Amino acid sequence: MTDQVTAEETHQSNFFTRLSEQVQPQNLLSSLSAGLITGIIAVIRGISYAAIIFSGSLSQYLSIGVGMATFSNITMGIIVALLAPFPGIIATPLAAPTAVLATLASAIAMQMNGAFPPQDILLTVVAAIAISTMLSGLLLLLLGWFKLGNKIQLIPHPVIGGFMGGTGLILVEGSLQVMTNVEFSLSQLPAYLQPEILPNWITGVICAVILLIVSDRYKHSLVIPTTLSIFIGIFYLGFFVTDTSFTAAQTQDWLLSFSIDGKLWQPLIPTGLDGIQWLVILQNWDKIASVIFICLLELVLTKNGIELFVRQDIDINRTLESVGLANLITGMGSGMAGNQALPSTILVSKMGASRRLTGLICALVSVAVLLVGTSLLSFFPRPVIGALSFYLGLSLLIQWVYKTWFQIDFSEYLIIIFSILVIFAVGFLEGIILGFLGQLILFLYHYAQLDIFKENFDGVELQQQCQELASPIQLWQLQGYIFFATANRLVEKFRQLVNTRKQQQQPLNYLVIDCHQLQGLDASGVFSFAKILRLAYQHQITIVYANLSPWLENKLKRGEALDVENPYCQSFSDLSQGLQWCQINTSSSSKSDEYCE
């Protein structure tokens with residue numbers, strides 16, 4: 001009993017100690033600054049994500065979409081801030097799952113248009129988004145609960161690099177849109193050179209470069225918030241000197257402004273479920289499955305990205321549980337799927353504010369927006385907010401495009417570059433898939449260069465046996481994994497062996513194939529063995545297998561590469577038995593020439 005009380009007192013003491021550390025002036029200021037900045041970024045991105053999903057015929061419901069995104073910021077942010085294994089992680093809706101949710105919403109709206117009232121279409125779209133979010137959360141939660149995280153996080157370094165660099169390029173693109181309030185695309189490039197738009201993004205880029213230089217030179221947690229505060233002060237000083245009113249500054253897109261009317265958050269309630277067309281949702285199961293898959297993939301990628309930046313190991317199972325629970329609860333409140341926000345988490349770390357309090361403050365910004373409205377953000381200059389994203393994007397590009405050049409092989413570097421370009425031009429999922437394919441091709445190429453034939457035989461006794469082998473006996477010891485890129489070497493090696501023996505007028509009666517170190521083979525490998533057996537039959541050469549594992553023996557039998565009823569095919573459980581059988585048969589035939597490769 002005393003031990004239990006002591007443990008409880010120790011736990012409470014540790015809790016209050018950590019809490020007091022969080023609210024120390026030097027910690028509180030950096031957490032407050034980082035939380036406010038990432039909170040504003042989360043709201044801005046939430047509004048843009050809502051605009052992507054609720055576009056076209058659904059655009060009249062944009063306010064509801066903004067409410068869903070803002071609510072998601074709150075639930076995701078609070079739950080992950082409290083439960084994530086690493087403090088200071090920011091969680092919000094992200095671009096990749098949002099893109100699929102937009103496809104899902106558009107498909108449902110198009111499918112139901114004209115056949116159902118608009119209110120039913122809205123309810124069905126919201127329900128589909130909520131179901132996607134809940135199922136994503138449930139999968140992540142179960143994977144973490146059953147400690148399966150290590151099974152899913154084997155991702156090649158170039159794929160992570162492509163994801164990080166692609167994130168950086170998307171941040172740079174998005175920051176220019178925030179600075180100017182003009183969509184960034186090739187067709188819109190002339191607009192960026194217009195006199196009324198050019199100063200906005202030029203100013204923002206200058207602020208970002210200054211921020212990059214200052215933060216790289218001075219490693220203090222207050223450097224970034226202090227620099228941003230100075231930028232904001234300079235802007236308002238400029239407004240004062242030029243006699244620019246608040247309204248004029250908004251009109252000229254120097255300040256943030258959002259024209260969103262209506263009640264923001266309108267979750268599904270039991271009385272409104274009758275209008276949901278469940279069959280339509282079921283017919284779009286493939287898009288829901290895509291959301292689930294992307295959420296899982298993005299969690300692993302962002303977790304690995306955060307680990308690389310903070311240089312600490314993060315528990316994958318606890319991450320799955322925290323993000324999974326956050327998505328599950330968010331979906332219950334009609335929110336949209338989210339994950340760890342890599343750029344915001346990196347920003348928090350750069351500001352020296354990796355504390356749970358930072359994530360809570362970030363979520364409180366969305367709480368204020370949900371209660372008061374988006375007008376709360378209109379005091380912040382666009383170039384300053386955009387400069388922050390530009391700075392983060394530029395930092396990631398410097399790390400993964402410039403510095404990585406000196407750290408990895410050129411072939412792997414190319415995978416990173418191509419992945420970044422595809423992510424920017426097409427999308428995250430396509431870029432990640434390209435990265436995986438590139439790494440797979442590179443792996444197969446390098447693995448195909450490995451020799452499947454052992455040059456030196458194992459063991460003194462075996463070497464002595466090989467030296468005593470009669471000339472008609474040839475021994476192969478195979479190793480590694482035989483697949484389509486290496487399988488044909490078996491056939492070519494056999495043909496070369498037969499031709500060499502004919503030219504040297506040396507008989508070849510037995511080919512002993514030792515599979516002790518053979519780890520496996522694919523269908524091409526089985527086909528090559530079957531081809532060798534047919535060629536051996538034509539040349540009256542007996543194929544003798546040794547050390548076949550049960551599964552390999554079964555595979556060869558099914559592929560007609562092993563037939564013990566064929567007099568030209570034998571199998572032994574041990575290499576010594578196989579060699580002895582060949583020697584006995586050779587002796588009985590009075591053939592005594594010795595040979596061993």
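Glutamate 298 sits in helix 11. Keep in mind that this is a predicted model. Is glutamate 298 buried or exposed? Its relative accessibility is 7%, so it counts as buried, the cut-off being under 20%. What does glutamate 298 touch? Leaving aside residues up to four places away in sequence, the list is Leu94, Ala96, Pro97, Phe163 and Asn339.

Now the helix itself. Helix 11 covers residues 285-310, and its axis comes within 10 Å of the axis of helix 13, residues 342-350. The two axes cross at roughly 20°. That is under 35 degrees, so helix 11 runs roughly parallel to helix 13. The crossing of these two helices is right-handed.

Who makes the contact? From helix 11, take Thr302, Gly305, Ile306, Phe309 and Val310. From helix 13, take Leu342, Thr345, Ile346, Ser349 and Lys350. By type, the residues in this contact split into five nonpolar, four polar and one charged.

Next, the cores. In soluble globular proteins, nonpolar side chains tend to be buried together. Here the largest nonpolar core has 106 residues. Which of them touch the most other members? Leu347 and Leu388 do. Helix 11 comes up again: it gives this core its largest share, 12 residues.

Look at leucine 347 on your screens. Again leaving out residues up to four places away in sequence, leucine 347 touches Ile37, Thr38, Ile41 and Ile224, and also Leu388, Tyr391 and Leu392.

Methods:
Residues are numbered from 1 along each chain as its sequence is written. This is a predicted model: local features need pLDDT of at least 70, side-chain atom pairs count only at pLDDT 80 or more; totals for chains, interfaces and linings use all residues. Side-chain values use heavy atoms; hydrogens and water are left out. Axes are lines fitted to C-alpha atoms, for helices over the stretch in contact, and angles run from 0 to 180 degrees between N-to-C directions. Helices (H or I, at least four residues) and strands (E, at least two) are DSSP runs, numbered from the N terminus. Angles under 35 degrees count as roughly parallel, over 145 as roughly antiparallel, 65 to 115 as roughly perpendicular and the rest as oblique. A crossing is left-handed if the near helix is turned anticlockwise from the far one by less than a right angle, and right-handed if clockwise. Contact means heavy atoms within 4.5 Å. Ala, Val, Leu, Ile, Met, Phe, Trp, Tyr, Cys and Pro count as nonpolar, Asp, Glu, Lys and Arg as charged, and the others, Gly among them, as polar. A nonpolar core is a set of buried Ala, Val, Leu, Ile, Met, Phe, Trp, Tyr and Cys residues joined through side-chain atoms within 4.5 Å. Buried means under 20% relative accessible area, exposed over 50%, partly exposed in between (1.4 Å probe, protein chains only).
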